[in-house]
Amino acid sequence: QVQLVESGGGLVQPGGSLRLSCAASGSIFSINAMGWYRQAPGKQRELVAFISSGGSTNYADSVKGRFAISRDNAKNTVYLQMNSLKPEDTAVYFCNSALSTAQLGRLRSSWGQGTQVTVSS
């Protein structure tokens with residue numbers, strides 16, 4: 001089991017940047033795959049990006065070239081650097097952890113509580 005706490009969300013203008021953090025505890029962080037998901041009002045939760053225990057990454061087409069996921073195993077933390085933010089990026093962003101990338105977002109994974117990101121002028 002792993003407990004996840006997201007932070008770093010807030011209000012930002014279009015074109016601005018935010019850096020989300022997800023702090024993990026309760027398990028061996030370094031072996032886990034980590035992912036960021038988001039859910040906007042009236043929409044389903046969607047995968048934004050994930051990173052494997054080995055450091056391989058994957059991104060949704062909508063954020064490629066703008067977002068970057070990374071992890072610092074020494075700090076038990078995964079990050080999502082978000083640049084060139086657009087109003088359509090507005091959502092609650094959730095951190096997810098699993099023992100493999102195939103399990104991310106599925107039953108045998110752990111979720112954080114979410115952090116709100118609002119992109120508006």
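Predicted model: local features only at pLDDT ≥ 70, side-chain atom pairs only at ≥ 80, totals over all residues.
Residues are numbered from 1 along each chain as its sequence is written, and side-chain values use heavy atoms, with hydrogens and water left out.

Start by selecting Tyr37, Phe94 and Trp111, a cluster linked by ring pairs. Rings of Phe, Tyr and Trp (its six-membered ring) pair if their centres lie within 6.5 Å; planes under 30 degrees apart are stacked, over 60 edge-to-face, and the rest tilted. That rule gives two aromatic pairs.

Zoom in on Tyr37 and Trp111: the centres are 5.0 Å apart and the planes at 65°, so this pair is edge-to-face. Tyr37 belongs to strand E4 (residues 33-39) and Trp111 to strand E10 (residues 110-111), so the pair ties together parts 74 residues apart in sequence. Strands here are DSSP runs (E, at least two residues), numbered from the N terminus.

Now colour by accessibility, where buried is under 20% relative accessible area, exposed over 50%, and partly exposed in between (1.4 Å probe, protein chains only). Tyr37 is buried at 9%, while Trp111 is partly exposed at 32%.

Phe94 sits in strand E9 (residues 91-98), 17 residues from Trp111, and is buried at 10%.

Stay on Phe94 and show Arg45: its charged end is over the Phe94 ring, 3.9 Å from the centre. A charge sits over a ring if NZ of Lys or CZ of Arg is within 6 Å of the ring centre and within 35 degrees of the ring normal. Last stop: Arg19, over the face of Tyr79 at 4.3 Å from the ring centre.

Key: Helix = DSSP H or I, 4+ residues; strand = E, 2+ residues; numbered from the N terminus.
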